Structures are given as C-alpha cells and as structure tokens.
Amino acid sequence: MNDLLFELPLPEFFDFGVCLEYLNRSPLECLYRMDQEGVTRYFNLDNQPLLIRLTVPGENRMHVTLLHGDIPGPGAAEWLARYIREWFDLDRDLAPFYHLAQADPLLAPLAEQHRGLRIVGIPDLFEALCWAILGQQVNLAFAYRLKQQLTAAYGGSLEWEGDVYYAFPGPEVFADVQLEELCTLQLTRSKARTVLDVAALIASGGLSREALLALPSPDAAEQRLLQIRGIGPWTSQYVRMRCLDDTTAFPVGDVGLQNAVKFLTGMDRKPTPAELLKLAEPWRGWEAYATFYLWRALY
C-alpha cells in the first residue's frame, strides 16, 4: 500500500534534506526510520495503527503517504496534518530570524550552512517531558539509549516488511508501573519518580499542552512546569523550545549550547549563563532558533 493521504504546503526557508540530517543525528533513534529521501513513522490513532512516510518530491509540497493501515477518517487526518506541521514547525515565518542571523557573526555562518533547518519539535507533551527528563545530566547517546529502552518496554509497536516501528508510550500506560520497574531500565530513582509523576498528572488531566499554551505567557507555562518535582529550569526551557513553540526559550544551562559557543568563539572555558544572556541580546525573540542552530555546530 502506498496511498497519498494528503499534501502539506511548505513555507519559504524550509529544506527537508537539512531537517533529515538533523533527524539522522543518532543511530539509536527509535521513533522513526530515516533514509535520504524521507522519514517513516508509526502512529496509533484511535487504536488504528498507521505507518506514515513523509517525502518532498517537489519543492513546495510535502507528501504524506500511508504505507500500512486503514485510511484515517477526517478527524484523524486533521490531527496527523497538525502534528506534522508542528513536528517541522511549518507554520513559522523564518524571515525575521534569517534577517537577524545575517547580521550576527556567530549565527551567520550557521544560518547559511543549515539554511532551511527548522526546530524539529516534539508535539506530544508527555514525550517531550520524558525526553527532557531522560536527558538530564547525561550525554546524548545515553539519553537515546534510555528512550529506546523505555519505548521498547512500554510503547506500541508495528512490524512491517521485516522492521519494527515503535510509538512512544502514552502516560496512561504507567498507571500501574512501579518505580523499581523503571529503574531496571537504567533510569535513576529520581528520573523514574519524575516520569511517573508526570504520567499521572497528564493522564488525570492535571497537566496538558493545551492548558500550558493557554496561560498568559511562556514564563507562566514554565512556572507551572517548575512546580513538578524533578523539573528544573533546563528541562522547562527545553520543553518550551521543543513542545510549546516558544522561540524565546533559551536554555542557558544546556551543556551543548555552552560547548557550541565555546567552540565557535574560541573561548578557553564554557561561557557562564550571564555571558550567554549578554551574547543573546541581539537574538531577542529568536533565542530558541539561535540555540538550535548553535547545536548543529556540534555534530
């Protein structure tokens, strides 16, 4: 089966190939499969398994093709289209960012080299929070390993043409999971507790992406996240950046950001948070995109 479900119009300053390079940054990624032409991902919508492939055969349209499963109804198709737009930040006008980057000595070469790269989001709040929690104070490879183990243990899966595709587990899956079970997956007790607390909050309706976005400001959303035990400034800023569509998020405590600035400026040490805030003054309103492009200098 190769049914074209729908096409999505693509904005100016979007390069699918550059975004695929970002998606392909780790061989341990478990939520989608990559090749040079597109990305394949498994979704479970209304208990219906769907295997979707995204390609851009022309310049201005993204093709969303169904490889396996029944053709989704209008509601599910609308949800899927919205998810993909948010995944690749397709509704964002990047012209202002490129205008300021062009005048910035640190960002200009990166913006030129990776032109068309968009913040690749994590539209699902539980997945975004878990990814940030798993990534706390560990290197990227180990964070991917933790996500792989958590997804394999609790997520849904689909086997198709000899490959297994996974979907990240929903928060309701963890209702009866004990902390010790998560620790067997190499999560620390603190991370396991935070994952279970977040799962319970979201499953009960006490926390949602929609409610966070409805708050008066991104800072208010961050304050709500910081009320959760185990969620600190780095985690909340990361979620603002990757899930809440906040281009002003600026995770000054991020080691990758610090290393990128150190490398690109030739500093003999990592910059302090105060130095990063000073550096970012010309990036006002686009700190998250500046961070995303600076990360690209590391791999």
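Arg85 and Asp91 form a salt bridge in this predicted model, with their closest N and O atoms 3.3 Å apart. A search of the whole structure finds 16 salt bridges.

**Salt bridges at exposed and partly exposed positions**

- Arg85, one partner of the bridge to Asp91, has a relative accessibility of 28% and therefore counts as partly exposed.
- Asp91 has a relative accessible area of 62%, so this residue is exposed.
- Glu180 and Arg189 also meet through their side chains in a salt bridge, at 3.8 Å from N to O.
- Glu180 counts as partly exposed because its relative accessibility is 46%.
- Arg189 is likewise partly exposed, at 46% relative accessibility.
- Another salt bridge links the side chains of Glu281 and Lys278, with an N to O distance of 3.6 Å.
- Glu281 is partly exposed, with a relative accessible area of 41%, whereas Lys278 is exposed at 55%.

- Is Arg240 buried or exposed? Its relative accessibility is 3%, and the cut-off for buried is under 20%, so Arg240 counts as buried.
- Leaving out residues up to four places away in sequence, Arg240 touches Pro218, Asp219, Glu222, Asp245, Asp246, Thr248 and Ala249.

**Asp254, a buried residue with no salt bridge**

- Asp254 lies in the loop between helix 11 (233-242) and helix 12 (255-265).
- Asp254 is buried but has no salt bridge.
- Which side chain of opposite charge is nearest to Asp254? That side chain belongs to Arg242, 9.3 Å away.
- The side chain of Asp254 does reach the backbone nitrogen of Gly256, at 3.1 Å.
- Apart from neighbours within four places in sequence, Asp254 is in contact with Trp234 and Trp295.

- Helix 3 spans residues 95-102, and its buried residues are Phe97, Tyr98, Leu100 and Ala101.
- Why do the buried residues line one face of the helix? Viewed down the axis of helix 3, they fall within an arc of 165°, so they line one face.
- In an α-helix there are 3.6 residues a turn, so residues three or four places apart point the same way.
- His99 and Gln102 are exposed and sit on the face of helix 3 turned away from its buried side.
- The cover over the buried residues of helix 3 includes helix 4 (107-113) and helix 14 (287-295).

- Strand 6 (residues 156-160) pairs with strand 7 (residues 163-167) in the antiparallel sense, over 5 bridges.
- Gly156 has Ala167, in strand 7, as its bridge partner.
- How many residues lie between strand 6 and strand 7 in the hairpin? There are 2 residues between the strands.
- In this hairpin, Glu161 takes a positive phi near 50°.

Notes
Residues numbered from 1 in each chain as written. Predicted model: local features only at pLDDT ≥ 70, side-chain atom pairs only at ≥ 80, totals over all residues. Heavy atoms only, no water. Pairing = 2+ DSSP bridges. Helix = DSSP H or I, 4+ residues; strand = E, 2+ residues; numbered from the N terminus. Buried < 20%, exposed > 50% of the residue type's maximum accessible area, 1.4 Å probe, protein only. Arc of directions from axis to C-beta. Contact = heavy atoms within 4.5 Å. Lys, Arg positive; Asp, Glu negative; His and termini not counted. Salt bridge = Lys/Arg side-chain N within 4 Å of Asp/Glu carboxyl O. Polar contact = N/O pair within 3.5 Å; in protein donor to acceptor, adjacent residues only side chain to side chain.
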